[in-house]
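Take a walk through the model below.

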Amino acid sequence: MIIEPVLPFSASEFQVKFATSAWERAQAHALRRAVFCEEQGLFEGDDRDAIDAHATPIVALSMLGVAADRLVGTVRIHEAEPGVWWGSRLAVHADYRKIGALGATLVRLAVSSASAMGCRTFFANVQPQNGLLFRRLHWDVIGEIDIYGKPHLRMKADLAWYPPCPTPEAGFVALARKAA
């Protein structure tokens with residue numbers, strides 16, 4: 001008898017939306033800590049800062065039918081001054097980075113929801129390895145900057161590619177890529 005290996009379950013559908021519950025906010029911070037403190041070593045212990053007090057967290061949830069299974073991605077947005085918005089702390093769980101467009105969908109909801117709230121300009125400081133993703137999403141590099149001792153690209157979204165999303169609490173659905 002041949003025993004086939006049991007592959008771990010992997011969701012094929014994800015909901016990307018504003019964090020609306022305490023568990024979503026807590027898991028978003030836990031994922032940020034795992035990515036930015038443990039994996040990348042950018043921060044000692046925790047990556048929270050003053051922006052978290054007024055930022056809006058956005059989350060990507062793997063779905064089992066209509067129920068959320070686990071939080072697999074996050075980003076935060078905030079309005080720095082009237083009409084000027086920033087996105088930051090984009091993180092996708094390591095197990096989910098190659099299965100779908102989670103990072104791109106998080107970015108799309110970040111900019112589209114800010115657009116619905118009066119955004120005229122949207123910026124992000126992006127790690128160079130993610131620059132190509134952002135350029136593909138219609139962002140322009142407007143400068144280079146060191147943050148936490150690491151090089152970053154200062155980037156600006158082309159808002160013409162991001163229609164306003166008036167329902168960010170429901171957000172968008174992202175689908176996993178089909179296996180080859």
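The largest pocket holds about 1100 Å³ of space. A pocket here is found on a 1 Å grid over the protein atoms alone: it is an open set of points where a 1.4 Å probe fits, with protein on both sides within 12 Å along at least five of seven lines. Grid points are joined across faces, edges and corners, and the volume is the space filled by probe spheres set on the points. The lining of the largest pocket counts 45 residues, and those closest to its centre are Leu90, Ala91, Val126, Asn130 and Phe134. A lining residue has an atom within 4 Å of a point. Two or more lining residues come from each of helix 1 (22-39), strand 3 (67-81), strand 4 (84-92), helix 2 (102-116), strand 5, helix 3 (131-136) and strand 6 (139-147). Helices (H or I, at least four residues) and strands (E, at least two) are DSSP runs, numbered from the N terminus. By residue class, the lining divides into 27 nonpolar, 11 polar and 7 charged. Nonpolar covers Ala, Val, Leu, Ile, Met, Phe, Trp, Tyr, Cys and Pro; charged covers Asp, Glu, Lys and Arg; the others, Gly among them, are polar.

A word on the basis of these values. This is a predicted model, in which local features need pLDDT of at least 70 and side-chain atom pairs count only at pLDDT 80 or more, while totals for chains, interfaces and linings use all residues. Residues are numbered from 1 along each chain as its sequence is written, and side-chain values use heavy atoms, with hydrogens and water left out.

Now the strands. Two strands pair if DSSP finds at least two bridges between them. Strand 1 (residues 13-18) pairs with strand 8 (residues 172-175) in the antiparallel sense, over 4 bridges. There, Glu13 stands opposite Leu175 of strand 8. Strand 1 also pairs with strand 2 (residues 56-64), again antiparallel, over 5 bridges. In strand 2, Ile58 is the bridge partner of Phe18, and Val59 is that of Lys17. Strand 2 goes on to pair with strand 3, antiparallel over 9 bridges. Ser62 has Arg70 of strand 3 as its bridge partner. How many residues lie between strand 2 and strand 3 in their hairpin? There are 2, and Gly65 in the turn has a positive phi of about 65°.

Next come the charged pairs. Side chains of opposite charge can pair when their charged atoms come close. The structure holds 10 salt bridges, each defined as a side-chain nitrogen of Lys or Arg within 4 Å of a carboxyl oxygen of Asp or Glu. In one of them, Glu39 meets Arg97 at 2.8 Å, N to O. Glu39 lies in helix 1 and Arg97 in the loop between strand 4 and helix 2, so this pair ties together parts 58 residues apart in sequence. Glu39 is partly exposed at 44% relative accessibility, and Arg97 is partly exposed at 34%. The classes are buried (under 20% relative accessible area), exposed (over 50%) and partly exposed (in between), with a 1.4 Å probe and protein chains only.

Asp52 and Arg76 form another salt bridge, with the closest N and O atoms 3.0 Å apart. Asp52 sits in the loop between helix 1 and strand 2, Arg76 in strand 3, and the two are 24 residues apart. Is Arg76 buried or exposed? Arg76 is buried, at 2% relative accessibility. A salt-bridge network links Arg32, Asp47, Asp49, Asp52, Arg76 and Arg89. Asp46 and Arg48 also form a salt bridge, their closest N and O atoms 3.5 Å apart. Asp46 is partly exposed at 31%, as is Arg48 at 45%.

Glu38 belongs to helix 1 and is exposed at 65%. From Ala19, Glu38 is 19 residues away in sequence and 23 Å away in space, C-alpha to C-alpha. Ser115 belongs to helix 2 and is buried at 17%. Leaving out residues up to four places away in sequence, Ser115 touches Tyr162 and Pro164; contact means heavy atoms within 4.5 Å. Thr121 is in strand 5 (residues 121-126) and is buried at 18%.
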